[in-house]
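Hello,

Here is the structure for you to look at. Please open it first, then read my notes below.

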Amino acid sequence: MNIETFDDLLTAARAQQQPQRLLFVFAAVELPDDATADQRANFERGQGGALVPQMCVDKAPEELASFADLVAEAALFGKPWGMVFAAAMSGTPGKAPTTTDADLPLERMVESIKQGQIAAFIPFDPQGQAVNLA
């Protein structure tokens, strides 16, 4: 399945044979202090910048009816974000992964994003549209 929107992600997660847990890392897009003039100009045009993880959460697909639910929960933390990265982890037959099971994978996800290693995740913009960062 081609995932173009957050709703596509929810549909795909719910359709999996094994129960899923969705992992989310919200990141701000910031301009580093040591940015060059060209980098600053590109950033002003909406290009470039550094991804800075702000917060993370895990959810069972059944806990989210829509992207609006996730955005509303994120707003409770009061941290600005420009992109949310998503990943999924599978459970075992008849047993969904728990929040405790998701702790270490979420930590690894945050570290990967800090290092710019984002190929394994699906990024979504604030409107719930998948973003191609290639």
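This is a predicted model: local features need pLDDT of at least 70, side-chain atom pairs count only at pLDDT 80 or more; totals for chains, interfaces and linings use all residues.

E1 and E2 pair in the antiparallel sense, over 9 bridges. Strands here are DSSP runs of E with at least two residues, helices are runs of H or I with at least four, and both are numbered from the N terminus. Two strands pair if DSSP finds at least two bridges between them.

Residues are numbered from 1 along each chain as its sequence is written, and side-chain values use heavy atoms, with hydrogens and water left out.

Is E1 enclosed or open? Of its 11 residues, 9 are buried, so E1 is largely enclosed by the rest of the structure. Buried means under 20% relative accessible area, exposed means over 50%, and partly exposed is in between (1.4 Å probe, protein chains only).

**The cores**

A nonpolar core is a set of buried Ala, Val, Leu, Ile, Met, Phe, Trp, Tyr and Cys residues joined through side-chain atoms within 4.5 Å. The largest one has 17 residues. Phe6, Leu9, Phe24, Phe26, Leu70, Trp81 and Val84 touch the most other members. At least two residues of this core come from each of H1 (6-15), E1 (20-30), E2 (50-59), H3 (67-75) and E3 (83-90). H1 gives the most, with 4 residues. A second, separate core has 14 residues, including Ala102, Met109, Ile118 and Phe121.

Look at Phe24. Leaving out residues up to four places away in sequence, Phe24 touches a list of residues that includes Phe6, Leu9, Leu70 and Val84. Contact means heavy atoms within 4.5 Å.

**Aromatic rings**

How many aromatic pairs does a search of the whole structure find? The search finds 5. Rings of Phe, Tyr and Trp (its six-membered ring) pair if their centres lie within 6.5 Å; planes under 30 degrees apart count as stacked, over 60 as edge-to-face and the rest as tilted.

Phe6 and Phe67 form a tilted pair: 5.0 Å centre to centre, with 55 degrees between the planes. This pair links distant parts of the chain, as Phe6 is in H1 and Phe67 is in H3, 61 residues apart. Phe6 is buried, at 1% relative accessible area. Phe67 is buried too, at 9%.

Phe6 and Phe124 form an edge-to-face pair: 5.6 Å centre to centre, 75 degrees between the planes. Phe124 lies in strand E4 (residues 122-124), 118 residues from Phe6. Phe124 is buried, at 0%. Phe6, Phe24, Phe26, Phe67, Trp81 and Phe124 form one aromatic cluster.

**Helix H3**

Which residues of H3 are buried? They are Phe67, Leu70 and Ala74. Seen down the axis of H3, they fall within an arc of 65 degrees (taken from the directions from the helix axis to the C-beta atoms), so they line one face of the helix. An α-helix has 3.6 residues a turn, so residues three or four places apart point the same way. On the other side of H3, Ala68 and Ala75 are exposed. The buried residues of H3 are covered by parts including H1, E1, E2 and E3.

Best wishes
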